[in-house]
Amino acid sequence: MIKVLINGKNYNFEEGITILQACRQIGIKIPTFCYDERIRATSSCRICVVDVVNGRGLVTSCSAELMDGMEIETDNEKVYNSRRQLLDLLFSNHPNDCLTCAKSGECKLQDYCYQYDVADGSYRAGDVKDYPIDDTNPFYTYNPNKCILCGRCVRACSDLQVTDAIGFQDRGFDTKIVAPFDKKLENSTCVSCGNCVAVCPTAALMPRTRKKFRLWEVEKTKTTCPYCAVGCQINLLTKDGEVVGSEPYWRSKPNDGLLCVKGRFAYNFINHPDRLRTPLIKRNGVFEEATWDEALTYVTDKLKEIKSAHGPDSIGGFSCARATNEDNYIFQKFMRAAIGTNNVDHCARV
């Protein structure tokens, strides 16, 4: 254990953690743009600086290791001015369209500018980025003019998704994030997983499939993605009883904030008018709506009838790859233990 002084109070922490991790343990909020707890910190955004009073002065808390005897201040005048100056520089080269921006209410740049009293950029008289919007990907758009170059999307693509579809190009003021050789996203190796969209702190990357809503208008419901048996955890966003979006659920196994293209963008089937919403039983050659009790009783009676007349091996069962592993286990257990046959197969077996 090591002893440190944070904002005038003594604390004990285990060795090997960063200043940011220590502050989060005791409930002190420090702003971050580039930080992602799943991958190594790069300290590229500099917004998380704190003041090590008895040491090096301003340091990036996401990468600076906590040392015994440190005296740290997380919100003094020096820290405040440093963060405010950084936000001023970022916002000076950022579209001032918060009223109509789809990310309003969940944009980190907007939140921090409000917190540090940055109403407008002081340097807008200088050069401002003016790049074309890339809307060639069918699932999301990329507006480089709203990019703050935190690099979270690049590292999510390379370190987590391991696709390496995007990266930094040029240096200094001309730096931007592009696909290799500045190609359009449709011509890159992008697999449209949307993990870059999920980590973007601004509206530089936004889903195209998303309905129009504000953050406070939607309810989030944790559920399991229905597209395969991995069991990825997602949040379904609903507005007025309609599903309007999908996002990964963070800090939850097995996906820990990652999704594939289906889990992230292919949720519109839920609202399709042709989707079956009740069980159907064929009576006199015509499918009729039935209750779940009626349907399950009908299936049970038929299975008993067939088993009694022809034996259990006259029945076979096919499972679905879109069901969870737990459901598939229960299904084969039902076929073997309840029906009494090993005639069970799976559509993904081959």
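In which loop is N284 found? In this predicted model, residue N284 belongs to the loop between β13 and β14 (286–289), where helices (H or I, at least four residues) and strands (E, at least two) are DSSP runs numbered from the N terminus. Residues are numbered from 1 along each chain as its sequence is written. Because the model is predicted, local features need pLDDT of at least 70 and side-chain atom pairs count only at pLDDT 80 or more, whereas totals for chains, interfaces and linings use all residues; side-chain values use heavy atoms, with hydrogens and water left out.

Backbone geometry is considered at the outset. N284 is not a glycine, yet its phi is positive, at about 55°. With a relative accessibility of 80%, N284 counts as exposed; the classes are buried for under 20% relative accessible area, exposed for over 50% and partly exposed in between, computed with a 1.4 Å probe on protein chains only. A positive phi of about 55° is also found at S43, again not a glycine. S43 is placed in the loop between α1 and β3, and its relative accessibility of 11% makes it buried. A cis peptide bond, with omega of about 5°, links K253 to P254, and P254 lies in the loop between β12 and α6. Helix α7 (residues 292–310) comprises 19 residues and spans 27 Å from its first C-alpha to its last. This is close to the expected 27 Å at 1.5 Å a residue, the expected span being 1.5 Å times one less than the number of residues. G311, with a positive phi near 90°, follows α7.

The largest nonpolar core contains 21 residues, a nonpolar core being a set of buried Ala, Val, Leu, Ile, Met, Phe, Trp, Tyr and Cys residues joined through side-chain atoms within 4.5 Å. The residues with the most contacts inside this core are I6, F13, I19, I30, L66, M70 and I72. At least two core residues are supplied by each of β1 (2–6), α1 (19–25) and β3 (49–52). The largest share, four residues, comes from α1. In soluble globular proteins, nonpolar side chains tend to be buried together. F13 is buried, at 3% relative accessibility. When residues up to four places away in sequence are not counted, F13 touches M1, I2, V4, I6, A22, Q25, I26 and L66, contact being defined by heavy atoms within 4.5 Å.

Aromatic pairs number five under the rule that rings of Phe, Tyr and Trp (its six-membered ring) pair if their centres lie within 6.5 Å, with planes under 30 degrees apart counted as stacked, over 60 as edge-to-face and the rest as tilted. One of these is the tilted pair of Y11 and F13, with a centre-to-centre distance of 6.1 Å and 35° between the planes. Y11 is partly exposed, at 22% relative accessibility. The pair of Y227 and F269 is edge-to-face because the ring centres are 5.8 Å apart and the planes lie at 80°. Since Y227 lies in the loop between β10 (219–224) and β11 (233–239) and F269 in the loop between α6 (261–265) and β13 (280–283), this pair ties together parts that are 42 residues apart in sequence. Y227 is buried, with a relative accessible area of 17%, while F269 is partly exposed, with a value of 35%.

Charged side chains also sit over aromatic rings, the criterion being NZ of Lys or CZ of Arg within 6 Å of the ring centre and within 35 degrees of the ring normal. The charged end of R124 is placed over the ring of F91 at 4.9 Å from its centre. K222 lies over the face of Y249, with a distance of 4.4 Å to the ring centre.

Two further buried positions were examined. S192 is located in the loop between β8 (176–178) and α5 (195–199) and is buried, at 10% relative accessibility. Its side chain forms a polar contact of 3.1 Å with the side chain of N137; such a contact is a pair of N or O atoms within 3.5 Å, and within protein one must be able to donate a hydrogen and the other to accept it, while residues adjacent in sequence count only if both atoms are side-chain atoms. Beyond residues up to four places away in sequence, S192 touches N137, F139, Y140, V261 and F265. V243, in strand β12 (residues 242–248), is buried at 9% relative accessibility. V243 and I270 are 27 residues apart in sequence, with their C-alpha atoms 7.3 Å apart in space.
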